[in-house]
Amino acid sequence: MQHNDYILTLSCPDRTGIVYRVSGLLFELGCSILDSQQFGDEETGRFFLRVHFDLPGEGDAAMLREKFATVAADYSMDWQIHDARQKPRLLIMVSKQGHCLNDLLFRVGSGQLHAEIAAIVSNHNDYAGLAASYGIPFHHLPVTAETKTAQEHQVLELVERERIDLVVLARYMQILSADLCHALAGRAINIHHSFLPSFKGARPYHQAHARGVKLIGATAHYVTSDLDEGPIIEQDIERVDHTMTAQALTQVGSDIESMVLSRAVRSHVEHRILLNRNKTVVFR
């Protein structure tokens, strides 16, 4: 018998009986639970749950949502049901540093990341050839202070036309407007070096080298109108020492940025992230 993979994610006020009601409904529908993770936050009083399950072949997502709506209403749940077989569609935005873009292209192209890159957007033309080598549409959308509103409108049109599930800022060196951040809330991820706010501006690794830092790292987070202060998804660090040049620090930092961003994207496309006020719950 053919089975269908689905992922249920939910958050709600914490109270007794939540797991019992959810698992009971899945049992009634003949589902097999493949994986289940939960977390209760005592500080916020909210409960978070991710369940990966098989549904018998005669069922579908519409039926699941209809059946689950009653349980969700009883517990005031914020919830979603995702088809685990469907590949989320990504829009990657990049400027002149291509290490994160190249890493994501390889991971998706080699099947390591369950997603589809629908398009690449850049304010420069540097990676048009790289995009072409993977057969991915490349959109050169230059931006200046005068054209920023129009350029962001083009980005949003592309998001809607290509049915984009997630926008990835893979070292896209432009600050998004508050309007665009709002339009992409919960579906845009950014990567930055962890020196912020200590080393703002250009050439942060050179600034770090000049200060003799001993740890460098990177942070991936959801995009909000508060620059680089959105809910954190993933972070990592690497020890460095006095023998390393600024160029060596930059190389180490680029590797960390690529790894951290790919982990964050993986968590999102596998529906492992739930927002908890200004933080995230990330199920492994």
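**Salt bridges and cysteines**

Modeller: The structure holds 15 salt bridges. Please bear in mind that this is a predicted model.

Biologist: Which residue meets Asp-74 in a salt bridge?

Modeller: The contact is between side chains, with a distance of 3.1 Å from N to O. A salt bridge requires such atoms to be within 4 Å, and the partner that meets Asp-74 is Arg-21.

Biologist: How many residues apart in sequence are the parts that this pair ties together?

Modeller: Asp-74 belongs to helix α2 (residues 61-74), whereas Arg-21 belongs to helix α1 (residues 18-28). Asp-74 is partly exposed at 41% relative accessibility, and Arg-21 is partly exposed at 28%. Because the two residues lie in these two helices, the pair ties together parts whose separation in sequence is 53 residues.

Biologist: Is Arg-107 buried or exposed?

Modeller: Arg-107 forms a salt bridge with Asp-103, and their closest N and O atoms are 2.7 Å apart. Both residues lie in helix α3 (residues 99-109), 4 residues apart, which is about one turn of the helix. Asp-103 has a relative accessible area of 16% and is buried. Buried means under 20%; with a relative accessible area of 15%, Arg-107 is therefore buried.

Biologist: Which residues are joined with Glu-234 into one network?

Modeller: Glu-234 forms a salt bridge with Arg-284, with 3.4 Å between the closest N and O atoms. This pair links distant parts of the chain, 50 residues apart: Glu-234 is in strand β11 (residues 232-239) and Arg-284 is in the segment after β13 (279-282). Glu-234 is buried at 11% relative accessibility, whereas Arg-284 is exposed at 61%. Through salt bridges that share partners, Glu-234 is joined into one network with Asp-236, Arg-263 and Arg-284.

Biologist: How many disulfides does the structure hold?

Modeller: A disulfide is a covalent bond between the sulfur atoms of two cysteines. To count here, the two sulfur atoms must be within 2.5 Å. The number of disulfides in the structure is 0.

Biologist: Which cysteine has the sulfur nearest to that of Cys-12, and how far away is it?

Modeller: Cys-12 is buried, at 0% relative accessibility. Cys-12 is in no disulfide, and the nearest cysteine sulfur is that of Cys-31, at 19 Å.

Biologist: What is the distance from Cys-181 to the nearest cysteine sulfur?

Modeller: Cys-181 is buried, with a relative accessible area of 6%. Cys-181 is in no disulfide; the nearest cysteine sulfur belongs to Cys-100, and the distance is 18 Å.

Key
Residues are numbered from 1 along each chain as its sequence is written. This is a predicted model: local features need pLDDT of at least 70, side-chain atom pairs count only at pLDDT 80 or more; totals for chains, interfaces and linings use all residues. Side-chain values use heavy atoms; hydrogens and water are left out. Buried means under 20% relative accessible area, exposed over 50%, partly exposed in between (1.4 Å probe, protein chains only).
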